[in-house]
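Start with the view below.

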Amino acid sequence: MFVGLMCWSSITAPAAAYNNPDLLPDEPTLVIDLAKSLTSLEEEQLNERLQAFEDESGWKLRVLTQYDRTPGRAVKEYWGLDDRSVMLIADPRGGNLLNFSVGDALFDLLPRTFWIELQTRYGNQFFVRDNGEDRAIIEALESIEICLRRDGCAVVPGLPQEQWILTLITSIVGGVICGFAAHPRKSGQVIAWQWVLIFSPLWGILFLAFGVGPVVTRTSDWIPLTRNIAGFAIGFLVAFLSPGLDGSSSTSET
């Protein structure tokens, strides 16, 4: 059975267009661009690429763009969608451009969280505004192809700049917390290891889970990872060497 992440009713507009085979092209095609989101050259190239990918892997990738009209359920029979099929539905009327109808066999390789991340990364209004509907569609399909060639992905490959900035911020905050915890509280003490350990769940989650984890799972590039580690170290040193703590410690002792 063909299972969609979004209900079939969500890809249709008026009730009269719920099953409208008249909108389907007479010639076989893997891309139906009713909303004119793609140029004619992009549509032609995408058709060729998706057909080559299907011949190579056996996975069916299909694209439907729509605006005020949709073929609705008729497209399922037109394309012969099955458990090894993915249909990308691009509809600019909603808050997010992209929806996906995904066959059961895909979930063994690409979990539901993958599709949610794919939708939010490329279908959000900011990405579409800056890059266009065509790039949102093409880059989402490229991510699916990459992951199917890898025999599956837990997350969407690639690290967008805004996501990396967020991981950098959490790395720095983790370093600051670790630095404050490590600040010596007794005379002759170099590092307050016990406090570092007590606060390790907090700074560890910020640095490892939210700072390092998203980077290493999405890209093999060492530059963002190095920057995050450096951000953690700088945050640690700034907090650890903060003169304000010495003043507060001295006041409390007197």
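Is the crossing of α6 and α8 left-handed or right-handed? It is left-handed. Keep in mind that this is a predicted model.

Take α6 by itself. The helix has 22 residues. From first C-alpha to last it reaches 31 Å, close to the 32 Å expected at 1.5 Å a residue. Several of its residues are buried, among them Trp164, Leu168, Gly174 and Cys178. The cover over the buried residues of α6 includes α7 (193-198), α8 (200-216) and α9.

Look at α8 next. The axes of α6 and α8 lie 8 Å apart, and the packing angle is about 155°. Angles over 145 degrees count as roughly antiparallel, so α6 and α8 are roughly antiparallel to each other. On the α6 side, the residues that meet α8 include Thr170, Val173 and Ile177. On the α8 side, they include Trp203, Phe207 and Pro214. By class, this contact of α6 with α8 has 10 nonpolar, five polar and no charged residues.

Now turn to α9, residues 222-240. Its axis and that of α6, residues 161-182, come within 6 Å. They cross at roughly 30°. Angles under 35 degrees count as roughly parallel, so α6 and α9 are roughly parallel to each other. The crossing of α6 and α9 is right-handed. Among the contact residues are Trp164, Ile172 and Phe180 of α6, and Pro224, Arg227 and Phe236 of α9. By class, the contact of α6 with α9 has 12 nonpolar, eight polar and one charged residues.

Key: Residues are numbered from 1 along each chain as its sequence is written. This is a predicted model: local features need pLDDT of at least 70, side-chain atom pairs count only at pLDDT 80 or more; totals for chains, interfaces and linings use all residues. Side-chain values use heavy atoms; hydrogens and water are left out. Axes are lines fitted to C-alpha atoms, for helices over the stretch in contact, and angles run from 0 to 180 degrees between N-to-C directions. Helices (H or I, at least four residues) and strands (E, at least two) are DSSP runs, numbered from the N terminus. Angles under 35 degrees count as roughly parallel, over 145 as roughly antiparallel, 65 to 115 as roughly perpendicular and the rest as oblique. A crossing is left-handed if the near helix is turned anticlockwise from the far one by less than a right angle, and right-handed if clockwise. Contact means heavy atoms within 4.5 Å. Ala, Val, Leu, Ile, Met, Phe, Trp, Tyr, Cys and Pro count as nonpolar, Asp, Glu, Lys and Arg as charged, and the others, Gly among them, as polar. The expected span of a helix is 1.5 Å times one less than its number of residues. Buried means under 20% relative accessible area, exposed over 50%, partly exposed in between (1.4 Å probe, protein chains only).
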